[in-house]
Amino acid sequence: MAWRNISVSVFYSTSRSIMVRWSRFEGASSYMVTATLPNTVITSAFAQFGGNTVLGSLNGLTTNTLYTLRVVALNSSGNEEAQGQVDGRTAPDVPTIELATSKQSDSITVEFQEVTGGASYLVRTESPDGSFLQTAVSTSPATVQGLQPYTEYIVSLLSLNSLGGQSQPSLPVTVRTVLPAPVLNTSSPSSDTIEVEWDPVDNAVQYTLTITLDSALVEEVNITSSTAHTLSGLAPGSIHHIQAYAWDAQGRPGDSSSVTQITRPAQPVDFQLSVGWDPLSLVVTWAETQGATEYTALSSTGLECSSAGSSCSLTPLYCGESMTVTLTASNQAGPSLPSQLKHFAGIPCPPSPIWLTEPEPERCLVAWDAVDTADYYVTFLKRADGIETLCNSTETSCNYTCLCGYTYVISVHAYNEVGSSPPGPLVNYTTLPCCPSDVSISLMSPETLEITWSPARGAIIYETRAMDPGEVIVCNDTAPVCALSDLNCNSQYRVAVIPCSDISGCNQNCPSQVHETGPCMPTIETVSQTNGTVRVVWRSENHAANFTASLVCDTGTVSCDTEENSCEISADQIVCGSDCDVSVIATSGAGASFPSYVVPLETDPCCPAELTVTQVTQAMSNVSWSPARGAHTFHTSLTSPRGHASCTTADTHCIVGCVTCGTSYSVSMEARSRTGRQAQCSYSGFSTSACCPTGVRLYSMANNTLLVYWRSTSAMVQYTAEVYGSQGNHTCSPTVLGGNSCDVADVTCGGIYTVIVSPINPDGTVVPFCPLRLYSVSCSGGYVGTIVYRGKRSVD
């Protein structure tokens, strides 16, 4: 038969029993539960339960013992259908309470003997109303908290372990908690007494008070008929520790309560009064009193101040005001008795108003009205650089030395036997600024003077004046330098630097200096140029001056010096074709004038360094030359007894027409500047080439020879004839100078020939521009036949 399992678990354990739970098995009519020791078959206990039961208990077991619990499901025939088992342990033995007491009104302490197998314990307290409080503990003794004071509780104890559960409760004991602590209220009505009060404690028959000071017993008293007590003869300002507890009828002391109470401070014996200044106040100072945490000073005028330190200030205090003052010390217990009265006579008021005057330089006077109750006065003088001076006086004025350019802060205090008056009005007085030193005047331009100086103490701005009989020029500036411009030239000015400040005004006592401006600018009237000399004439309004006239050119500068109003400047050192400016400047001991307005001047232009004449045609030549400095246009001339030819151009070349051939010419040029200045230039002569011959004819001769004939233009000229065409080229020349014909042999007939007859120049070159003539040479029987003239044209 196959066994089927059911689920088994331990539901609850006690010291002698275990309650088992199992799962229901369908068809079971009853269940048999047994307990055996592990690994044995000895049955320690068994029980049988109906088929509808799933929870059963086995009793009579041994405490703190491990058992194997087996549940078997039986059918109606008593046969086993299913089974299950589980291990379970019984609880430890029942503990015994040895002692249960209450030492606090909210707790009970239990002492017990620990039992074998007890892992922990459970203290159970039952109150009169039947409510339970269970507290888990681990060892003895154990204390139960959270109870009510003076209440009777039934206390029992159970032991527990992790597997077996808890034992049965021990035999109960009855314990009453003790009385609660009295609630104390204390106060210190005077510096040597403390009063203690408390509300009655129910069921109390007696109270005990213990008073200590610095851990030393001062008093211990038992009280049965009152809830109050007064402690007297105590030290002022001392802290006392007060403890109290109540007794019940069984003679048990209840909870204790304690408080600390300080006695009031002793009456202050002495204090001092002095005057404070910021703000004006009466300062009260005292020696500290034992136990005092705060002090209060009170005046007869209603002023009051408090402090935890050793002083405080009564404010506001007014000058001329008298009063009486008392001092009281206090702590958390309350105030002491007030001190004896102390009288304050009052301080004088400060002098006001204060007047200041400066009767003479470096002497100042301070004055004021008399003050009631003042015995004497002290004037405080502080200069801006920190130097301080005091002036004591029983009068109402004080003299002191005051330097220029300083600000003085002045106050006057009145004094009597109490002390000084409050600070009176502060008066600022600034003396006139100092005169500048190291004044230097220099001429920046003929009409401008530059004045510099060292900064003057106390000066904020400087007024610089230049004065002559006709005008006053003023310059205002904060810097120690000024330029006076637009002055009259060649004039004397009296110059003064006057320092000023916003507060004290201007110092008009500073010395002045006389300085002269530069000469006036000359005006050029005429400039003339003759034979390398430039004459300059000008006018000037200066009463005493030297003059320098200068010719400033782009190639150099020359000048002349004079005391007159004209001079001549030699321009020999100036390169031709220069652009120049003529100016005049005047100088004197004060300096130099502005240069005069410039007059422009051009020197004669330069001649071209090179010139070349080249014949272009028999009647026209090309003239070219190198550039010339300062030349704007050129007029070139070719001159001979047989005629004259010229050209004008702005270029460096030109064509000259109407030139006669075979003629010698002289060559000259006028180089002209842009203003019309002229330079006459001469060059080597030029000869035109010999004239081209006229009447050129071509004749046929025997044996295929042609005769070239012309009219000779000069008996001293050698000619050459050129005959060329498609049939061949031929050249011939006469055998003598001035010859007018020559023969050309071996000419091929039947073609057109060009004939040119040209003179030969002395250098052997052929004149290139003689005209061409065209001829047709026919054939006659294979020889030169008829020659026909076809016309002529100029050379290509």
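Modeller: A disulfide is a pair of cysteine sulfur atoms within 2.5 Å. The model discussed here is predicted.

Colleague: How far apart are the sulfur atoms of C489 and C520?

Modeller: The cut-off for a disulfide is 2.5 Å between cysteine sulfur atoms. C489 and C520 form such a link, and their sulfur atoms are apart by 1.9 Å.

Colleague: Which hand does the link of C489 and C520 have, and what does the pair tie together?

Modeller: With 95° about the S-S bond, the link is right-handed. C489 sits in the loop between β43 (481-484) and β44 (492-501), while C520 sits in the loop between β46 (512-516) and β47 (523-530), so the pair ties together parts that are apart in sequence by 31 residues.

Colleague: Is C520 buried or exposed?

Modeller: Buried means under 20% relative accessible area. C520 has a relative accessible area of 8%, so C520 is buried.

Colleague: Which hand does the disulfide of C391 and C398 have?

Modeller: The sulfur atoms of C391 and C398 are 1.8 Å apart, and the two form a disulfide. The torsion about their S-S bond is about 125°, so this disulfide is right-handed.

Colleague: What radius of gyration does the chain have?

Modeller: The C-alpha trace spans about 195 × 130 × 30 Å along its principal axes. A compact globule of 796 residues would have a radius of gyration near 28 Å, whereas the chain has 75 Å.

How values were computed: Residues numbered from 1 in each chain as written. Predicted model: local features only at pLDDT ≥ 70, side-chain atom pairs only at ≥ 80, totals over all residues. Heavy atoms only, no water. Rg over C-alpha atoms; globule rule 2.2 N^0.38 Å. Helix = DSSP H or I, 4+ residues; strand = E, 2+ residues; numbered from the N terminus. Buried < 20%, exposed > 50% of the residue type's maximum accessible area, 1.4 Å probe, protein only.
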